[in-house]
Structure formats: C-alpha cells, structure tokens
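Please look through the sequence and the three-dimensional structure before reading on.

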Amino acid sequence: MRLTVVAATGGIGSQILVQAVAAGHEVTAVVRNPAKLADLPVRVVVSDLAAADPATLQSAVCGADAVLSGLGARSTAEAGVASRGTRAFVQAMQAAGVRRIVVISAASVGTVPSPGRPNPPRHNPGDGFFMRHLAAPLAKAAFRRHYEDLALMEDVLRESDVDWTVIRPPRLLDRRLTGTYRTAYEQNVRAGMFISRANVAHLLLDVVGRPATIHRVIGIAN
C-alpha cells in the first residue's frame with residue numbers, strides 16, 4: 001500500500017515507519033524535524049502540525065491508500081496538537097480524495113467529555129475495579145489536558161466523512177514487537193495495563209485493510 005505516516009519520528013510513529021517499510025509498503029513520512037528520522041527508504045514531508053500548511057499536507061497524502069497517525073502531545077505545552085493536526089489532515093485528505101485514516105488515542109479517553117460527547121460513561125465498560133477506582137482517575141488527573149485534546153481529536157473524526165479507526169492503548173512501553181496482544185471493540189481490554197509501542201504500531205498496520213474496523217474504536221493491551 002501507499003501509506004502516509006504522521007508524526008513519524010515519535011514513539012509509535014517510528015515503529016509504524018519501520019514495520020511499514022519492512023512489509024514493503026510505499027511510505028511518506030510527515031515529520032517536524034527530519035534530522036530525527038531513521039535512515040529508511042521513505043519520502044519525507046516536513047511540517048509542524050501545530051500550525052500546518054494545508055498545501056503541504058495535501059501533498060503528503062495525495063495518492064495515499066491510508067494515513068496512519070501517531071500524533072499526540074509530548075508535553076502539556078503541546079496539548080492541542082492532536083486535535084488541530086488531525087483536523088488539518090482530515091481536510092487535506094478530503095481535498096485529495098483520500099478516505100482511510102487510523103489514529104492513536106488513549107484508554108482513558110472514552111470517559112472524557114467533549115463537545116461531541118458531552119455525557120460519556122463514567123467508567124469504561126472494559127475496566128475492572130482497580131482501573132475504575134484508582135488507575136484511571138489518577139491518569140486522568142495527571143494527563144487531563146492530553147486526554148481532552150485526544151477527545152477533541154476523536155470528535156473531529158466522528159464529525160467527518162472519512163473512514164476512521166481509533167486505537168486506544170493503555171500505558172505505553174518501549175518493548176519489542178511480539179504481534180501477540182488482546183483487542184476489544186468499543187471498550188478497553190479487561191485487565192489491560194500495558195502495551196508496547198511496537199505492538200500498537202502492528203495493530204495500526206493490521207487494521208488499515210480491514211473494512212470491519214471502519215468507524216470503530218479498538219482497545220489494545222498486553
């Protein structure tokens with residue numbers, strides 16, 4: 001396939017890039033700092049997604065079969081980049097006639113209010129007692145602005161006409177690719193506390209060609 005990978009030097013984006021190239025896909029990498037990009041046979045498009053140029057993004061997605069996004073704030077100061085960047089990419093996709101996009105969100109986002117979902121469930125149906133009453137509240141307190149940004153990003157996708165899939169992982173770890181993990185539709189994975197970035201990237205690539213995942217939220221965990 002011809003794939004455009006957004007935030008291709010990030011923790012998940014870099015894993016998507018390596019795995020996509022290894023699988024023989026034709027890849028365009030969208031990065032802010034090309035000096036951080038691994039030495040791989042990919043087309044590079046430089047863009048700061050905090051204030052992206054529409055023409056640049058349209059050139060990045062033109063002719064793509066799908067867009068895979070590892071976009072997310074790395075600090076509180078960057079909160080907002082996921083929703084703004086995704087909105088800009090969706091607009092570029094619509095202009096270029098590209099429909100498929102798969103993005104990374106987070107396990108706790110399903111219970112975060114947003115303009116599009118002002119009354120989400122208090123608890124994710126996949127969470128057990130520990131997650132509901134301790135881990136999830138602590139994570140939401142610590143990463144409130146990040147999760148609000150991701151909730152807005154999900155709104156952008158739901159309100160669009162593109163063929164989106166949202167992946168919601170729990171705590172991310174830098175561990176090797178195994179290709180072995182659990183998934184759950186429309187909820188978190190029961191007792192799922194961790195997942196490697198490499199396995200999250202593996203799932204993104206796996207669902208791209210699966211029509212049954214369009215307009216679905218998928219939880220993933222070890």
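Val 21 is placed in helix H1, which covers residues 11-22; helices (H or I, at least four residues) and strands (E, at least two) are runs assigned by DSSP and numbered from the N terminus. The model is a predicted one, in which local features need pLDDT of at least 70 and side-chain atom pairs count only at pLDDT 80 or more, while totals for chains, interfaces and linings use all residues. Residues are numbered from 1 along each chain as its sequence is written, and side-chain values use heavy atoms, with hydrogens and water left out.

Although Val 21 and Leu 40 are 19 residues apart in sequence, their C-alpha atoms are 7.6 Å apart in space. When residues up to four places away in sequence are not counted, Val 21 touches Val 27, Pro 41 and Val 42, where contact means heavy atoms within 4.5 Å. Gln 19 also lies in helix H1, and with a relative accessibility of 12% Gln 19 counts as buried; the term buried means under 20% relative accessible area, exposed means over 50%, and partly exposed lies in between, using a 1.4 Å probe and protein chains only. Leaving aside neighbours within four places in sequence, Gln 19 is in contact with Leu 177, Ala 198, Ala 201, His 202 and Leu 205. Gln 19 and Ala 7, twelve residues apart in sequence, are 15 Å apart from C-alpha to C-alpha.

**The sheet**

In which order do the strands of the open sheet of eight strands lie? The order is E3-E2-E1-E4-E5-E6-E10-E8, and the pairing is mixed, where two strands pair if DSSP finds at least two bridges between them. The edge strands, each of which pairs on one side only, are E3 (43-46) and E8 (182-185). Neighbouring strands of this sheet are turned by 20° against each other on average, direction ignored; the axes are lines fitted to C-alpha atoms, for helices over the stretch in contact, and angles run from 0 to 180 degrees between N-to-C directions. Strands of a sheet pair through backbone hydrogen bonds, either parallel or antiparallel.

| Strand pair | Sense | Bridges | Partners |
|---|---|---|---|
| E1 (residues 2-6) and E4 | parallel | four bridges | Val 6 and Ser 69 |
| E8 and E10 (residues 216-221) | antiparallel | four bridges | Arg 182 and Ala 221 |

In strand E4 (residues 66-69), Ala 66 and Leu 68 point one way while Val 67 and Ser 69 point the other way, and all are buried.

**The nonpolar cores**

A nonpolar core is a set of buried Ala, Val, Leu, Ile, Met, Phe, Trp, Tyr and Cys residues joined through side-chain atoms within 4.5 Å. In the largest nonpolar core, which has 34 residues, Phe 89, Ile 101 and Leu 157 touch the most other members. The elements that give two or more residues to this core are H2 (54-61), H3 (81-96), E5, H5 (144-158) and E6 (163-168), and the largest share, seven residues, comes from H3. Leaving aside neighbours within four places in sequence, Ile 101 is in contact with Val 67, Met 93, Leu 157, Val 162, Asp 163, Trp 164 and Thr 165. Another core, of 29 residues, lies apart from the largest one, and among its members are Val 31, Leu 37, Ala 66 and Ile 104.

**Pocket and cavity**

Rolling a probe the size of a water molecule over the atoms shows where empty space is left. On a 1 Å grid over the protein atoms alone, a cavity is a set of points where a 1.4 Å probe fits but cannot get out, whereas a pocket is an open set with protein on both sides within 12 Å along at least five of seven lines, and lining residues have an atom within 4 Å of a point. Grid points are joined across faces, edges and corners, and a volume is the space filled by probe spheres set on the points.

The largest pocket holds about 1,200 Å³ of space. Of the 44 residues that line the largest pocket, Gly 72, Ala 73, Arg 74, Leu 172 and Arg 197 lie nearest its centre, and H4 gives the most to the lining, with four residues. The structure holds one cavity of 30 Å³ or more, and the largest cavity has a volume of about 30 Å³.
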